[in-house]
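Subject: Structure for you to look at

Hello,

Here is the structure I said I would pass on. Please open it next to this email and follow along.

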Amino acid sequence: MDISKKIAQELNIKQWQVDAVIQLIDEGNTIPFIARYRKEKHGSLDDEQLRNLDERLTYLRNLQDRKETVLASIEEQGKLTEELRAQIEAAETQVLLEDLYRPYRPKRRTRATIAKEKGLEGLANIILLQMTDKSIEDEAADYVDPDKEVADVAEAIQGALDIIAESIADEADYRTTIRKKTMEEGLLISTAKKPEEKSVYENYYDFDGKLSKISGYQVLAINRGEKEKILAVKIEAPEEEILRYLAKKVIHGDNSQTELYLKEAIEDSYKRLIAPAIEREIRNDLTEKAEDGAIRVFGKNLEQLLMQPPIAGKVVLGWDPAFRTGCKLAVVDATGKVLDTIVVYPTEPQNKVEETKRIVKKLIEKYNIELISVGNGTASRESELVIVDMLKEINKPVQYIITNEAGASVYSASKLATEEFPNFDVGQRSATSIARRLQDPLAELVKIDPKSIGVGQYQHDMNQKKLSEALGNVVEDCVNNVGVDLNTASASLLEYVSGISKPIAKNIVAYREDNGRFASRKELLKVAKLGPKAFEQCAGFMRISDGKNPLDATSVHPESYGAAEKLLEKLGYDMEDIKGGLTGLSLMAKNRKKLAEDLDLGQETLDDIIKELEKPGRDPRDEMPKPILRSDVLEMKDLKEGMILKGTVRNVIDFGAFVDIGVHQDGLVHISKLTDKKFVKHPLDVVSVGDVVEVKVLSVDMQKKRIQLSMIL
């Protein structure tokens, strides 16, 4: 198989692009580095295309390795024909490869192998070839041999049929056709083990869905219901059609002596050997596809969450709400430094509302707090009511925002949080994290395992290794897209930078602690274990403000500094002019093709340098929708059918989007209510996490705490 040709066809890109990327990957370059600094080599493929290419490359190389193992095993058995070799080499999936290998794979002792040990293969061939005029009982009589434990004719015939059943089951072409028929016409059926019991799986108590059309979220829900022993699940295949197909393939001519026996062997082969295996394969395949879809959605949601614009330059009060143990507060200055922490008790059972207001007012006055970030966990609603009441009593423009605190408790109890705040308890750490999430969501959220951030669906039911890798890639792409301040970034943030491992991230922080600020990117080469290759991969993503070289504050890679300096000289600027941004540089830099040749640069790299010099260190997050800041409270009982409200998309799932409209309980916009302008295949085609949207209230169920919303106004 020509791997690069196949990938090019699958991803609908040119083969030379695939070849170039494979070479760059094999040379040890990271995907963010390839995407940003090697555009000429691969024709400006984006992060997503490069990740897909890398994933397919890994799969197809593993497939190639497996083919070599399979070929060697069959050759060792002396059974490798040229036709079989060609089939194996042409196999494009693991499933097809394993189908071809099945007859030759070393087996545990089966009914067929036992029958062969008893010398019944000859009788099996007589029945299978349908070449006898004698009755099968007469043929079988010759194989009765007490020494071989074949006691009578019936046992001999049964053994022969077991051999035939296994040979039918091992035929790769049959399995491929049966798998296809089952997939096209079969049903996934789930029923309740105890129909009278209430559960969240009631939609699946009497469910059947076509295998070819079933949704990923339905597959994952049914899997979980089965795992929790609430649902019984099976695949219903077009059995009669499959048995007719097998009979047509196996029974040739018209031999009344063998026909009934062959039909018996066919039915046994399908029901005992083929159907259970294909059911397992199809369910595994459905699960894998559902997981891949859910991981993709989770990744997109996570990306949007990480890329939320920071609210910079404000002193923030982080508020971690609770009942019995009190609400933990942390005041964080504009740089993220903790100025003060305290515990207040405005909620049940203490209800010290007035005391809380007095304390918080003093904090606002003392530290000039402009924003309160309230976690959306337990007692969030009660805390919000106290805050709104208090804001009405002060003469300062203080606003608040309900912040998704998913993962804050995981972080606050982690080893990392203990190292960062050794003298804080978990509540103080959590309140600090809730405050910092507003100031720089990316820098704070990278400290938390992406799976705990709360923007996924069925994440605990998935292949955890695959999920971690995919989400890790998303975080890596976001961090490198934004860039990091080399002099302030934590080790948690640095380890996601292209080319930087966990130990090197810690070494960078240690170097900074021992030697003070980095004055230039080149100084990175003095960091322990950070060699020339790691420097090449990471340097462009590191930023140094007020360093020796103004280019160190931009995304221009050190390898292009010479060209950038020549460009500035040509257009009449010097290095100091970079700091304020060279507005209009793109208009001055005419005839890009010739300019690129003069500077010995690729045109894509030149375009990137010009774009960066116009707005040095620009933050791509600035283009994202800003969070909604509130100064008044809305309760669920205040909602009326038909109300139009502004809200923030908190989570996107296969069947819709959850929107925070400021009433603690997120409302659901079903996929059918996202838009009437076009058919929506997936909600992500219309909305993303963090989007600020206008919604209409359709219905409110106070008892079930459910709000139905519509974006069709």
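This is a predicted model: local features need pLDDT of at least 70, side-chain atom pairs count only at pLDDT 80 or more; totals for chains, interfaces and linings use all residues.

Strand β7

Start with strand β7, which covers residues 371-375. Five of its five residues are buried, so the strand is largely enclosed by the rest of the structure. Both faces of β7 are covered. Leu371, Ser373 and Gly375 lie on one side, Ile372 and Val374 lie on the other, and all are buried.

β7 pairs with strand β4 (residues 316-320). The two run parallel and are joined by four bridges. To find this pairing on your screen, look for leucine 317, whose bridge partner in β7 is isoleucine 372.

β7 also pairs with strand β8 (residues 399-403), again in the parallel sense, over five bridges. Here valine 374 has isoleucine 402 in β8 as its bridge partner. Between β7 and β8 the chain passes through helix α17 (residues 380-391), and this β-α-β crossover is right-handed.

Aspartate 333

Now go to the loop between β5 (327-332) and β6 (338-344), where aspartate 333 sits. Does this residue count as buried or exposed? Aspartate 333 is buried, yet it has no salt bridge. The nearest side chain of opposite charge is lysine 337, 5.5 Å away; a salt bridge would need the charged atoms within 4 Å.

Which residues does aspartate 333 touch, not counting those up to four places away in sequence? They are Lys314, Val315, Leu339 and Gln439.

Regards

Notes. Residues are numbered from 1 along each chain as its sequence is written. Side-chain values use heavy atoms; hydrogens and water are left out. Buried means under 20% relative accessible area, exposed over 50%, partly exposed in between (1.4 Å probe, protein chains only). Two strands pair if DSSP finds at least two bridges between them. A crossover is right-handed if, with the strands pointing away from the viewer, the path from the first strand over the helix to the second runs clockwise. Lys and Arg count as positive and Asp and Glu as negative; His and the chain ends are not counted. Contact means heavy atoms within 4.5 Å.
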